[in-house]
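Keep the structure open beside the text as you read.

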Amino acid sequence: MIVIPVALLLILLLLFFAFKSITYTLVVFSTVPLSLIGGIIALWLRGLPFSISAGVGFIALFGVAVLNGILMINHFNSMRKEGRYPLSTNRIIARSCPHLLRPVFLTGLVASLGFVPMAIAKSAGAEVQRPLATVVIGGLIVSTILTLLIIPVFYKMVNQTNVWKRTTWWKRLFGLVVFGICCSGIVNGQASQPVSLPEAIEEALVRHPRLKVATMAIDRSKAARAESWDLPGMNVNYAWGQLNGEVRTDHQWEVSQSLGSLLTPFYKNALVSQQITSGTIYREMVKKEIRAEVKRSWAYYQYAYQLHKLYAEQNELAERLQKAAKLRYEQGDISLLEHNMANTVAAELRSKLMLAVEEEQLAIRRFTWSCYSDQELIPADTMLTLFPASTDQTLSESHIAYFRSVASEKQIALRIERSRFFPEISVGYVRQKIAPLTGLNSWMAAISFPVFFFAQQSRTRQARADVAIARTEAEANVRELSNKITELENVLRRQAEQIRYYTAGALPEADQLLKSAQIMFHESETDIMEFVQSMNSVREIRRGYIDAVYQYNIAVLELELYTR
């Protein structure tokens with residue numbers, strides 16, 4: 001039965017020469033297996049074997065089935081070419097199928113009725129006629145029904161694939177290369193090194209100049225301890241001539257040293273100790289601020305990365321919408337307004353995507369700067385995650401201790417100024433030669449009382465005012481810190497409610513909305529304006545979720561900085 005494959009090959013060649021299209025040739029040829037199914041079932045139901053006459057019946061069946069397919073495809077294509085602009089695929093199918101129902105059924109019915117006498121014949125030669133007629137009748141019944149269902153489906157799939165996938169291979173390859181470059185973090189010709197959050201914090205604590213300056217400030221305060229006993233210069237006097245005797249060859253030399261007030265060095269030493277304490281507390285505050293700064297830049301990068309991802313997806317969808325709108329406008333299926341709207345949306349999203357890419361690069365530079373690294377760094381985790389919020393919302397002990405330590409410094413400075421009212425002590429040694437006596441030695445101790453203390457009294461009043469200012473500022477800072485924590489708690493609570501709203505309902509609904517809008521637009525059941533509205537709604541919901549997570553993380557970091 002080599003005749004059947006040869007017949008199928010001839011049918012394929014004739015279809016190709018008729019349509020000049022491999023796609024439409026395969027669509028029409030799909031009616032052949034449909035008719036083959038019906039012929040085999042008919043032979044099985046009647047209990048007839050497959051014979052040469054049955055094979056001839058299959059060849060005849062194939063011709064009639066292909067004729068129905070050619071009829072439908074030609075009618076579809078002629079409908080598309082009618083009018084100034086071609087119709088859309090959905091409208092072609094909707095208008096053509098009711099019109100094709102009668103000719104297709106009549107073609108199959110006439111051929112089937114013509115073979116009925118052969119199928120029921122019992123005269124001489126009926127054993128040859130029955131398989132042929134049975135194959136034709138059964139195959140045409142099944143093929144006619146399935147052809148009216150399958151051909152429109154295949155025709156729609158073929159034509160709508162051209163609408164949504166008209167991007168050439170080199171454009172797709174270029175897009176993949178660009179996306180790979182962006183994801184690999186190659187910026188300005190230098191590969192970015194991915195790091196984890198603990199590694200980034202450790203890098204910042206080692207390299208950050210603020211921490212180095214805070215450590216050097218402590219060393220400076222320690223070096224100032226030697227200034228506690230700040231003695232004036234030693235006085236050395238020498239005299240010669242007639243001192244107390246008759247001879248003018250007498251001489252005398254004298255050494256004296258002022259020791260100042262005994263209370264002043266003690267308070268100075270206490271001030272240095274307090275400054276070292278303040279510096280140590282300030283260094284711990286700087287460490288907390290550095291950790292918060294690295295975490296803030298980490299969260300900002302995740303925020304910028306997610307925005308880039310969002311606008312990249314929306315831009316791809318807008319480009320597909322633009323191509324589909326162009327084709328539908330050429331087919332006369334949409335108006336010029338809808339066509340321009342699709343172009344505007346695509347242009348807007350391309351601009352937003354460009355800004356999102358720039359913001360992501362800025363986030364990478366900010367993260368590298370926060371770590372003070374010589375090599376460009378990039379966070380290893382790009383997922384939009386929530387930072388854990390602490391349940392302990394008490395004021396930061398380091399901040400309160402620092403405010404109090406600064407006020408204590410002013411208090412000790414006041415004590416230093418007050419100590420200058422006390423008498424100052426000085427000691428000395430005198431050696432004389434008064435002829436004929438030599439080796440006259442004497443020791444002296446002196447005490448001086450301030451008589452004109454107006455300047456010192458003014459300095460004391462200034463120091464007292466500095467103490468009052470420092471205490472007031474400390475109280476104001478503590479109150480401001482408490483109010484800041486309360487505000488951050490409210491922000492955290494609001495953002496947590498927003499996140500629950502998005503995760504519980506808005507995000508799943510947005511995904512379902514976008515999926516439904518794509519399906520409906522693909523099936524031409526919605527117009528451009530409705531699809532654009534759906535895109536905008538989905539984008540606003542996802543952008544709102546990204547903003548809410550970012551604001552939540554910033555509030556958590558601020559609370560972590562001002563509490564514990």
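Which side chains meet in a salt bridge with an N to O distance of 2.6 Å, one of them being E289? The partner of E289 is R210; a salt bridge here is a side-chain nitrogen of Lys or Arg within 4 Å of a carboxyl oxygen of Asp or Glu. E289 lies in helix α11 and R210 in helix α10 (residues 209-223), so the pair ties together parts that are 79 residues apart in sequence. Helices are DSSP runs of H or I with at least four residues, numbered from the N terminus. Both ends are partly exposed: E289 has a relative accessible area of 22%, and R210 one of 33%. Buried means under 20%, exposed over 50%, and partly exposed in between, with a 1.4 Å probe and protein chains only.

Before going on, a word on the source: this is a predicted model, in which local features need pLDDT of at least 70 and side-chain atom pairs count only at pLDDT 80 or more, while totals for chains, interfaces and linings use all residues. Residues are numbered from 1 along each chain as its sequence is written, and side-chain values use heavy atoms, leaving out hydrogens and water.

Side chains of opposite charge can pair when their charged atoms come close. A search of the whole structure turns up 12 salt bridges. One of them joins E203 and R207, at 2.6 Å from N to O. These two residues sit 4 apart in helix α9 (residues 197-207), about one turn of the helix. E203 is partly exposed at 26%, and R207 is partly exposed at 33%. In the pair of R420 and E417, the closest N and O atoms are 3.7 Å apart. Here R420 is partly exposed at 35%, whereas E417 is buried at 17%. Shared partners also link salt bridges into a network of E203, R207 and D374.

Now turn to Q302 in helix α11, which spans residues 263-330. Q302 is buried, with a relative accessible area of 0%. A polar atom of the Q302 side chain lies 3.4 Å from the backbone oxygen of D381.

Helices α13 (397-419) and α14 (454-522) each supply at least two of the patch residues. R461 belongs to α14 and is partly exposed, at 46%.

Methods:
Polar contact = N/O pair within 3.5 Å; in protein donor to acceptor, adjacent residues only side chain to side chain.
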